[in-house]
Amino acid sequence: MSGLWQHVQIRAKDESGATMISLLFYLFCLGGLLSLLLFSEQAAYVEMNVQQTADLVTKGARAAGLWEYTDTDGETQRRLYATSQEAERAGAKVIRGAREEAAILWRMNKSALEKNADEISVVHQKGERAYLYQQGIYHLQVEVERRLPVFWGELNAKIDRVSQSGVYEKRPR
């Protein structure tokens with residue numbers, strides 16, 4: 001029995017190095033997988049935050065600058081005004097111009113993005129295209145860059161989200 005026990009002890013000593021290397025390899029693979037999973041979730045969180053902020057700004061801007069009126073044919077028309085002065089010149093009654101409201105909403109909500117971003121770029125109305133206002137559409141593009149940590153360093157995540165709120169005809173069902 002002692003011969004068998006000595007043989008088992010010698011065999012265990014020989015394999016302890018190989019077991020340690022295998023264990024380290026699997027721990028490294030598991031750490032890399034968890035790191036990629038955390039990176040993916042962090043990017044998804046920033047993307048969700050950017051989309052929610054963009055949606056809030058466009059819907060608020062559209063609601064504030066929208067004017068509905070009945071034309072001479074008796075049809076309801078909708079128009080979006082960029083500024084309060086433009087609406088006053090046209091005799092429209094709006095809460096505030098869409099661009100003015102968007103600026104206020106952006107100023108109030110950008111702090112949520114700033115704490116999760118290294119760089120933020122915002123484009124309102126595709127560079128202030130007048131035809132979007134005439135169609136009753138408010139368009140906003142938000143681009144956020146952030147460095148996210150991963151197991152082996154940091155990766156740049158660039159998130160570009162677009163939100164567009166418009167006045168659309170309601171169809172009877």
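Me: How many aromatic pairs does the ring rule give?

Reply: The count comes to four aromatic pairs, under a rule in which rings of Phe, Tyr and Trp (its six-membered ring) pair if their centres lie within 6.5 Å, with planes under 30 degrees apart called stacked, over 60 edge-to-face and the rest tilted. All of this rests on a predicted model, in which local features need pLDDT of at least 70 and side-chain atom pairs count only at pLDDT 80 or more, while totals for chains, interfaces and linings use all residues. Residues are numbered from 1 along each chain as its sequence is written, and side-chain values use heavy atoms, with hydrogens and water left out.

Me: Why is the pair of Phe25 and Tyr26 called edge-to-face?

Reply: The ring centres of Phe25 and Tyr26 are 5.3 Å apart, which is within 6.5 Å, and their planes stand at 70°, which is over 60, so the pair is edge-to-face.

Me: Are these two residues buried or exposed, and how do you know?

Reply: The rule is that buried means under 20% relative accessible area and exposed over 50%, with partly exposed in between (1.4 Å probe, protein chains only). Phe25 has 48% and is therefore partly exposed, whereas Tyr26 has 58% and is therefore exposed.

Me: Why are strands β1 and β2 called paired?

Reply: Helices (H or I, at least four residues) and strands (E, at least two) are DSSP runs, numbered from the N terminus, and two strands pair if DSSP finds at least two bridges between them. Five bridges join β1 (residues 66-70) to β2 (residues 76-80), so these antiparallel strands meet the rule. Within the pairing, Tyr69 stands opposite Gln77 in β2. The two strands form a hairpin with five residues between them, and Gly74 in the turn has a positive phi of about 85°.

Me: What makes a group of residues a nonpolar core, and which residues have the most contacts inside the largest one?

Reply: A core is a set of buried Ala, Val, Leu, Ile, Met, Phe, Trp, Tyr and Cys residues joined through side-chain atoms within 4.5 Å. The largest has 19 residues, and those with the most contacts inside it are Val50, Val57, Ala98, Tyr133, Tyr138, Val142 and Val144. At least two residues of this core come from each of α1 (2-65), α3 (98-114) and β4 (137-150). A second, separate core has five residues, among them Phe39, Leu148, Val150 and Ala157.

Me: Why is Val57 called buried, and which residues does Val57 contact?

Reply: Val57, which lies in helix α1, has 0% relative accessibility and therefore counts as buried. Contact means heavy atoms within 4.5 Å, and, leaving aside neighbours within four places in sequence, Val57 is in contact with Ala102, Leu105, Trp106, His124 and Leu140. The C-alpha atoms of Val57 and Leu140 are 8.0 Å apart, although 83 residues separate the two in sequence.

Me: What makes the link between Thr58 and Ser165 a polar contact?

Reply: A polar contact is a pair of N or O atoms within 3.5 Å; within protein, one must be able to donate a hydrogen and the other to accept it, and residues adjacent in sequence count only if both atoms are side-chain atoms. The side chains of Thr58 and Ser165 are 3.1 Å apart at this contact, so the distance meets the limit. Thr58 is in helix α1 and counts as buried because its relative accessibility is 0%.

Me: Which side chain does Asp160 reach by a polar contact, and is Asp160 buried or partly exposed?

Reply: The side chain of Asp160 makes a polar contact with that of Gln141 at 3.1 Å. Asp160, found in strand β5 (residues 153-166), has a relative accessible area of 40% and is therefore partly exposed.
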